[in-house]
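Please look at the sequence and the model before reading on.

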Amino acid sequence: MRDPEIRLDRDCAVSTARLWEVLVTPSLWWGKEVRLEPCAGGVFHEPWRDSAGEHNTRGEVVAYEPPSCLALSWRDDDWTFDTHVTFVLAEKGEGSSLLLCHGGWKGAPQHLQDRLLSSHRQGWRYHLDNLVACAERAP
C-alpha cells in the first residue's frame, strides 16, 4: 500500500535566505507558543487547542540544512504512529519556492486516515500562507 502524502508548494518573492530565516522562527508565522530548536536533534513542540480541548504535537529536527531543507518527526500525543514533515526551499527566479511534504500516514488507523489527511492539509495551507506573507513583509 502506498503511503499517502500531503504535498503543497508555494512561491515566494524573497530569497531562500530570507524565507529560511522566517521558517526557522515559527513564532513569526505559526504561533508564539510553537517551539523549534533550529539544529539537528532539536526539539519541536506545538501546543494547540480545539473544541475537544488542549493538545500537543511534538517532534525532533531530523534534518537541518540551511537554507534548503528542514525535516521534522511529527506526532500528536494521542497518536500511536509517527509522521514526518519536510520543508524544501529553492531559488526560483528573483525569489524562492517552498515545498512541504508530510508523510507517514500509512501508520494511522485506516478509519482515521482521510480525516487526518484532510485536517492537516487544511492546516498546512493556512500556515504556509502565513509563512510566505510573513517572509514577504519587510523585516
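The model is predicted: local features need pLDDT of at least 70, side-chain atom pairs count only at pLDDT 80 or more, and totals for chains, interfaces and linings use all residues. Residues are numbered from 1 along each chain as its sequence is written, and side-chain values use heavy atoms, with hydrogens and water left out.

**Overall fold**

- The chain holds 2 helices and 7 strands, where helices (H or I, at least four residues) and strands (E, at least two) are DSSP runs numbered from the N terminus.
- Read from the N terminus, the order of elements is β-α-β-β-β-β-β-β-α.
- The radius of gyration is 15 Å, close to the 14 Å that the globule rule gives for 139 residues, so the chain is as compact as a globular protein of that length. The radius is taken over C-alpha atoms, and the rule is 2.2 Å times the number of residues to the power 0.38.
- Along the principal axes, the C-alpha atoms fill a box of roughly 45 × 35 × 30 Å.

**Burial, contacts and charge**

- Of the 139 residues, 45% count as buried, meaning under 20% relative accessible area (1.4 Å probe, protein chains only).
- Of the contacts (heavy atoms within 4.5 Å) with a separation of 6 or more, 52% are between residues 24 or more positions apart.
- The 15 positive charges (Lys and Arg) and 21 negative charges (Asp and Glu), with His and the chain ends not counted, have mean positions 3 Å apart. Each charge is placed at NZ of Lys, CZ of Arg, CG of Asp or CD of Glu.

**Strand pairing**

- Two strands pair if DSSP finds at least two bridges between them.
- Strand 2 (residues 35-36) and strand 3 (residues 43-50) run antiparallel, joined by 2 bridges; Leu36 has Phe44 as its bridge partner. Their hairpin has 6 residues between the strands, and Gly41 takes a positive phi near 85 degrees there.
- Strand 3 is also joined to strand 4 (residues 53-65), antiparallel, by 8 bridges, with Pro47 partnered by Asn56. This hairpin has 2 residues between its strands.
- Strand 4 and strand 5 run antiparallel with 6 bridges, and a hairpin joins them through 3 residues. Ala63 stands opposite Ala71 in strand 5.
- Strand 5 (residues 69-76) is mostly covered, with 6 of its 8 residues buried.
- Strand 5 and strand 6 (residues 83-92) run antiparallel, with 6 bridges; the bridge partner of Ser73 in strand 6 is His84. The hairpin between strand 5 and strand 6 passes through 6 residues.

Methods
Buried < 20%, exposed > 50% of the residue type's maximum accessible area, 1.4 Å probe, protein only.
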